[in-house]
Amino acid sequence: FFFSFILSLTRIKKLIHHFQLTMSALRGRHRVTDDSHATVGDGMMIQEEHANQINKTKKQELDPKTRTAHRRRLYAMMSFWEKEYPEYYEAGTRILTPQEVQNDMLFYHPEVRNYNGRDLIYEGLNIHMVLAFLGANKYKDNGKIYSDTNMRKYHDAILFGASTVGHLLPSTYYSGMEKFQNSFKKEYRKEKEEGNADEKSADAIPFSLYRLICKWFLLAGNVFGWVWTVMQWNLMARCISIDPIALHNFSLGEDNIMAMHDHTKADKEGTKLVQKHVYANPIDPTICPHTALGVWLALNQKSFESSEKIFRKETGGKGSASNRYCEALIELFTKFKEQVVLYVQQASAHGIRKGSATSVSSGTTLPPPIASIASRGDWSLVKC
């Protein structure tokens, strides 16, 4: 009874904390402000050195790859209009000034494919012209339909473009795009049901295959691949989250190791991170995280004299360790293809994270709450 009471108090505290965060966010959206006075020193120029530091911080809002992808989609849209709707191309886009192209805070990326030195006119954007482009590009060259996620990225690109130049989109754009997206989701599901969609999402790696992967890596003498697989499974993390992991991300618990990422793909600010408790497996050392991590630290102890990164080499950049692991895993799947296809059809590194969550949620008659699984796997509850 005492332990149940303590557990209830802990849950109540978490609920109160969540409520406080929610109310704080709501207050942030409804601040009491006064714009009746002119901004003091509005015409003053900030020194170049200080402006550079401000811009350096602002650039962290989006990943550079994401910004480049947004621009590539916007350029593709304008290229379509130039060919199919030349009148709207002239009226609905504008020529960039040399100053705009050179401004690295506008992210125009002249090196991107289909760059034409122009940008959309976002104020008064014609939703029908946007939908004409989306309708003409629903299908791939092989006749298969694109996923609804891929189509949504064009909407994200338009929002990015408008936000970058500080323009507001018309309400007709939002209402029209929302209706189209909802309808396209239904269309995609029907096409998928008829086999007219390329399903490229990774299949969840089952526990039996996970053990085989660990065994195959060990037999091949690839300790790196083995340790990475064990850690990704136990942390239920993306490859890109395992890539930068370092010694400071780990701490000792009473009977376990606790790990916490610095940030994740879904939480760049690192405000919603939780500690992940990792326990040893004394029955099977092949999949024991304590054994795997201990072996790796012992074999690479000299590398920690100059860097605390566990997997990424000192000379390696962002994603280098992740790419190395994915290449090793593809090579492994190719070698044991006949055995792998008995378990999954689409095998990839992301399937390990999916498999871990699937094993936790359905590998027992008494699984943990879905909220706990989502928290460990860095998923949004909305998506779950």
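## Basis and overall build

Local features in this predicted model need pLDDT of at least 70 and side-chain atom pairs count only at pLDDT 80 or more, while totals for chains, interfaces and linings use all residues. Residues are numbered from 1 along each chain as its sequence is written, and side-chain values use heavy atoms, with hydrogens and water left out.

The chain holds 16 helices and five strands; helices (H or I, at least four residues) and strands (E, at least two) are DSSP runs, numbered from the N terminus. Along the principal axes, its C-alpha atoms fill a box of roughly 70 × 55 × 50 Å. Of the 384 residues, 34% are buried, where buried means under 20% relative accessible area, exposed over 50% and partly exposed in between (1.4 Å probe, protein chains only). Among contacts with a separation of 6 or more, 67% join residues 24 or more positions apart; contact means heavy atoms within 4.5 Å.

## Helix H3 and its partner

Let's turn to a helix pair. H3 (residues 64-84) and H7 (residues 148-165) have axes that come within 9 Å and cross at roughly 100°. The two are therefore roughly perpendicular to each other. Here axes are lines fitted to C-alpha atoms, for helices over the stretch in contact, with angles from 0 to 180 degrees between N-to-C directions; under 35 degrees counts as roughly parallel, over 145 as roughly antiparallel, 65 to 115 as roughly perpendicular and the rest as oblique. On the H3 side the contact includes Arg-67, His-70 and Met-77, and on the H7 side it includes Tyr-154, Ile-158 and Phe-160.

Ser-79 also sits in H3. This serine is partly exposed, at 27% relative accessibility. Its C-alpha atom is 6.8 Å from that of Asn-114, 35 residues away along the chain.

## A three-stranded sheet

Three strands make an open antiparallel sheet in the order S3-S4-S5; two strands pair if DSSP finds at least two bridges between them. S3 (250-252) and S5 (276-278) are the edge strands, each with a single partner, so one side of each has no neighbour in the sheet. Ignoring direction, neighbouring strands are turned by 30° against each other on average.

S3 and S4 (residues 257-259) pair over three bridges. Across this pairing, Leu-252 stands opposite Ile-257 in S4.

## Two nonpolar cores

Which residues have the most contacts inside the largest nonpolar core? They are Phe-311 and Tyr-325, in a core of 42 residues. A nonpolar core is a set of buried Ala, Val, Leu, Ile, Met, Phe, Trp, Tyr and Cys residues joined through side-chain atoms within 4.5 Å. Elements that each supply at least two residues include H9 (207-219), H10 (223-235), S4 and H13 (320-335). H10 gives the largest share, eight residues.

Beyond its neighbours within four places in sequence, Tyr-325 touches several residues, among them Phe-217, Trp-228, Cys-239 and Ile-352. A second, separate core has 33 residues, including Tyr-75, Ile-145, Ile-158 and Ala-162.

## Two positive phi values

Most residues other than glycine have a negative phi. Met-236, in the loop between H10 and H11, has a positive phi near 50°. This methionine is buried, with a relative accessible area of 2%.

Asp-378 is not a glycine either, yet has a positive phi of about 60°. The residue lies in the segment after H16 (370-376) and is buried, at 12% relative accessible area.
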